[in-house]
Amino acid sequence: MKSVAKLMAWHWQLVRGPYAVLCAVYAVQQLILLLVSASDSQRLGYQMAELFQGCGQMPLFFVALCLVAIVAASATRNRERAQKMYTLYTMPSSRWTLWEAQFLLGLILLAGFAAWQVLLYAAAYFPVTMVLSRVAESMVANALPWNSLVEELNANPLMQLLLPVKAGSGLALLGALGVTALHSACMACCQGLRRAVVTLLALFGTGAAYTAFYIRYHQVIYGTDAPSYWLLFAVVLAVALGLAAVNVFQAVWALKRAETA
Amino acid sequence: MKGERKMKHKKVVRPYSVCLASLAAGIAVLLAGSVFLRAGYPADAVVLQVQTGDTSQLQGFTLQGAWQETIKSGISFSLENGSLTTVPQLQAEPDSGIALWGQGRLCVPEENLAEVDAQAAGGAFSGSYGAFFLRSHYEGMNFTAETTHLEEIYALTVTDGSDLSVRFSLGEIETSAPVTVTAEIHTENRVWGSFPYCTALDGVADTVSGIREVQILSAEKPVSLYVGPGNGQNAGIWQVLQLCTPEEIEQIVPDVMIHGTAVPSNTEPYGAVEEVCTLDAGERLAPCADWYNARLDNGRWFLTENGEGELSLLLLDENWQILSKQLLGMKMTEGQQVTVLPSMRTNEIVFTVTDSNGAGQASVLRMENGKVQAQKVMTVTAETPLLTAGFSQDGTKLMIVSEKAEDLTVLVPAALREQYAYTPMAESEVPYTADAVTGWNVQVYPVDDLSEPSFSAVLDFGVTQQWAREIWLSGVYNVERNISRFEVIGAWENAKGEHV
């Protein structure tokens, strides 16, 4: 376990730069998108949670999660690592620790990113509400009341995923982060053409997993218990599990053959 | 030597401490957010403002309410023995009912089809729907004919996507004047499907007598229906025993021939229904839009009307079997409507009988072993609609809860109204006024004297009711928007809609 932690910490050291850049770019992108849509007079009467859903930031969050997975996997292709001349052969522990360390690293980076999104949302609440009320004030004489931050957190489906208050949504959060971290670890263990294939499958696999969670969310929220929804959920979940299995197999294969070396 | 010095002076990299710190920070943010969601909710969203009397008068009463802010969240409160507690409802569950769609039709019975088909006239029709590459065309033939012999068919479909359905006949009807019936045969792109000769109930309800009305009484399993009197049959309560899938329906329903084309029959019943309770001759269920709250601790209750306006209380057990029926000594007139209110106790019944403007009478009954133990009748006015009423635990006091409404006026710029509602305005600002429920009036009376309340208070909804915004938006779009408001939660369920 100690060797896994050491390796993970070393890889954290290697990817923290790109990770910080990704977080910063994401923050700027989100703030700009929210403020620009808040200043749109066609969205008069919108509040923060509606705006967040209306401007398309929600899918961008999941795209960014996939980017975090790729950043985490980039540790094994880092030039610094190559310079230090440590390879699968010279590693002081079993080669499987590479996969384990990358999985834990992915999980930590993804959890950090989820927390970053919550912070960003809370931070964006004040400027976005200010712009919304300025736009409204310029169009109407009387001031409109605005939702509090708690209400805005409560009304946003993404925040319901990230700040779970029920066991179901907690499991969904763990599942989403776990699947993404798993694909990230598989990516990290492969090299060359296999890595390209694994990355592509990882994008589809995480996409399918997120879609499965969304279908389940829809079922719970709208109380639909129709067999067609369950069938769709089962099919999408099967695709997600299948792609995850294929990627794990590829990673095992690559590690066995020491392709990563 | 050089290497040794370098090792000595180089800062030792201890990445895990940073890594673990960032992990801890991430988890801390997520946990803090969760705590903030629970603790930061405005607990003062509901405030009790006492006007006369003291809160000791509230001993023995429990009033529950909830406000569904969105489909996902809300707030609920309970005023129990004078103390008010507010609980956030995070990610509220939807109610457990099944989404149902019922449709009645008058169809030509199968044995008369050939005869009606022979005298039918018709022609081809075609059209299209959708746009661009999703554009689809449909075409077919439709025929119309006139007949006096029809069968009333009722179909009930679950609209959650499963399309489970039941269809049953309500008897054959001989009309005094001929009724126009239509059949459609879709040759390609069957959008709405082909059907043999029939007509919708809406168009003929005034001209054809004997049609039995159907009302959904309970959308929870087992689905229960009220089937009104007519066609020589007494009114009754029916239960759906079996719903069929679209595949089963396809197997069960035979084809009939319309102008030489096979079309699925629309009179063949499928699924199963059973009449669980039959009312007396001339008796019918009192007109009421929703019997959702008509429950007691040991079953359900309904109000029936005997044709002369006299109301009876019908008590049913959990299996919808009649327990007892008793005259209430109340009368309703033509055009009046019953509204079932959520009660504050599981052994109490609250309802109003009002005109279309909302004025009329209200009645509170306390039940014990299937008998009315106490009854209080009071008048209600259109200005302060009654929300609920109930006796205290010992039965010496009566609590009446009604809406406290205020007229709120906002000024809407005419330019904005023009932009959104396309109505040109002469003035620069248009005032828009709407009725806003800003709280509830809570009054407690001695049970034998309803002239002067011994306690009076206002449950005021503070911060979260966004009336100004909603009314202002109603003014902008010049349409009444559906504004969510606090609702009384009956004693038989909790704020999440679960049975307790």
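In which sense do strands E25 and E26 of chain B pair, and over how many bridges?

Mentor: The model is a predicted one. In it, E25(B) and E26(B), the latter spanning residues 397-413, pair in the antiparallel sense over five bridges. One of the residues involved is B:Ala389, whose bridge partner in E26(B) is B:Ile400. The two strands form a hairpin with five residues between them, and there B:Gly395 takes a positive phi near 80°. A residue is counted as buried when 20 or more other C-beta atoms lie within 10 Å of its own.

Positive phi values also occur at residues of chain B that are not glycine. B:Asn81 has a phi of about 50° and is found in the loop between strand E3 (74-80) and strand E4 (83-89). B:Asn81 is partly exposed, with 13 other C-beta atoms within 10 Å. For B:His259, phi is near 50°, and the residue lies in the loop between strand E13 (255-258) and strand E14 (261-264). B:His259 likewise counts as partly exposed, having 13 C-beta neighbours inside 10 Å.

A further backbone feature of chain B is the cis peptide bond that joins B:Lys221 and B:Pro222, with omega about -5°. B:Pro222 is placed in the loop between strand E10 (214-218) and strand E11 (224-227).

Conventions. Residues are numbered from 1 along each chain as its sequence is written. Chains are lettered from A and ligands numbered from 1 in the order in which they are written. This is a predicted model: local features need pLDDT of at least 70, side-chain atom pairs count only at pLDDT 80 or more; totals for chains, interfaces and linings use all residues. Two strands pair if DSSP finds at least two bridges between them. Helices (H or I, at least four residues) and strands (E, at least two) are DSSP runs, numbered from the N terminus. A residue is buried if 20 or more other C-beta atoms lie within 10 Å of its own, exposed if 12 or fewer, and partly exposed in between; C-beta atoms are placed from the backbone.
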